[in-house]
Amino acid sequence: SELIMSFLKSLSSSQKRRKILRVSLYAIFATYLVFCADFYFRQERYLLEPNVNPPGYRETKFSYVPFTLSGAAINGKAATIHYRKYRTIGTPRNEAVFYLHGNKGNMNKCEFQIEFMLELGYDVWTMDYREYGDSDGKISEEALKKDADAVYNKILAEVDAESIVIWGRSFGSGVAASVAASATDNHKPKM
C-alpha cells in the first residue's frame with residue numbers, strides 16, 4: 001500500500017487522471033465482455049419465453065383432434081410434442097394450414113389468430129414447441145427444426161403437400177421457413 005501511494009505521489013496530476021481513466025475504461029470493457037459472453041451462452045433463456053400451461057388448463061374455443069409424437073432425442077433428452085388439427089368451421093377447401101405460433105404463445109393462446117383461417121375453410125394444424133403449452137423437453141434450434149419437420153411429415157400423411165400452407169407468426173416464421181426449406185421436392189408446401 002505504501003508502494004502504491006509513493007508511486008501515485010510521483011505521478012503528476014495529468015498522469016493520475018490518465019491512469020484512472022485507463023483503469024476505468026478497462027473495467028468498463030471487461031464488464032462489457034462478461035455481459036456479451038453471458039448473453040452468448042444463455043441467449044435462448046433471454047430470447048425465448050416459453051409459455052407452459054398449468055396442469056389441467058384448457059381454454060379452447062374450437063374443437064380439435066389432439067396428437068402427440070415423441071420428439072427426437074437432443075443431447076440425450078427426448079420430448080413429447082403436442083400438436084392439433086382444428087377442423088374448418090367454414091365451407092371446406094380441402095386445404096390445410098400448418099400454423100406455427102409466436103414466442104409468447106402456445107396452442108391454447110393462439111386460437112384467436114387462426115379463427116379467420118378456419119372461417120375461410122382451412123383445416124389448421126398447430127404445435128407446441130418444447131417447453132411451450134403441454135410439450136416437454138428442452139428447446140433448442142435443432143429441436144425446433146426436427147420437431148416441426150416431424151409434425152409436417154405427420155400432416156403429409158393426411159394432406160397432399162400442394163394443399164398445405166405453412167404459416168409462421170413472429171418467432172414461428174423462422175420455424176416455418178425452416179420446414180419449407182427442408183421439405184423434399186415432392187413434398188414442397190404450397191407456400
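N94 counts as exposed, at 68% relative accessibility. This residue is one of two described here from a predicted model, and N94 has a positive phi near 60 degrees although it is a residue other than glycine. A search of the whole structure finds six salt bridges, and the count of aromatic pairs comes to eight.

**Residues with positive phi**

- Most residues other than glycine have a negative phi.
- N94 is found in the loop between β2 (77-86) and β3 (96-100).
- S170, which is not a glycine, has a positive phi of about 55 degrees.
- The loop between β5 (164-168) and α6 (171-182) holds S170, and S170 counts as exposed at 55% relative accessibility.

**The largest pocket**

- The volume of the largest pocket is about 240 Å³.
- Its lining consists of 13 residues, of which Q43, E44, L48, S140 and E141 are the closest to the centre.
- Two or more lining residues come from each of the elements α2 (13-41), α3 (43-47) and α5 (141-156).
- Helix α3 gives the largest share of the lining, four residues.
- Sorted by class, the lining has six nonpolar, five charged and two polar residues.

**Salt bridges**

- Side chains of opposite charge can pair when their charged atoms come close.
- R42 and D38 form a salt bridge in which the closest N and O atoms are 3.0 Å apart.
- K145 and E141 meet through their side chains in a salt bridge of 3.4 Å, N to O.
- Helix α5 contains both K145 and E141, which lie four residues apart, about one turn of the helix.
- K145 counts as partly exposed at 38% relative accessibility, while E141 is exposed with a relative accessible area of 53%.
- E141 also belongs to the residues closest to the centre of the largest pocket.

**Aromatic rings**

- A pair of aromatic rings is described by the distance of the centres and the angle of the planes.
- The count comes to eight aromatic pairs.
- One of them is formed by Y40 and F41, whose ring centres are 5.0 Å apart and whose planes stand at 85 degrees, so the pair is edge-to-face.
- Y40 is exposed, with a relative accessible area of 55%, and F41 also counts as exposed, at 67% relative accessibility.
- F67 and Y83 form a stacked pair, with 5.1 Å from centre to centre and 15 degrees between the planes.
- This pair links distant parts of the chain, as F67 lies in strand β1 (residues 64-74) and Y83 in strand β2, 16 residues apart.
- F67 is partly exposed at 24% relative accessibility, whereas Y83 is buried at 4%.
- F67, Y83 and W125 are linked into a cluster by ring pairs.

**A charge over a ring**

- The ring of Y64 has the charged end of R84 sitting over it, 4.0 Å from the ring centre.

How values were computed
Residues numbered from 1 in each chain as written. Predicted model: local features only at pLDDT ≥ 70, side-chain atom pairs only at ≥ 80, totals over all residues. Heavy atoms only, no water. Buried < 20%, exposed > 50% of the residue type's maximum accessible area, 1.4 Å probe, protein only. 1 Å grid on protein atoms, 1.4 Å probe; cavity = no way out; pocket = protein on both sides within 12 Å on 5 of 7 lines; lining within 4 Å. Points joined across faces, edges and corners; volume = space filled by probe spheres on them. Nonpolar A, V, L, I, M, F, W, Y, C, P; charged D, E, K, R; others polar. Salt bridge = Lys/Arg side-chain N within 4 Å of Asp/Glu carboxyl O. Phe/Tyr/Trp six-rings, centres within 6.5 Å; stacked < 30°, edge-to-face > 60°. Lys NZ or Arg CZ within 6 Å of the ring centre and 35° of its normal.
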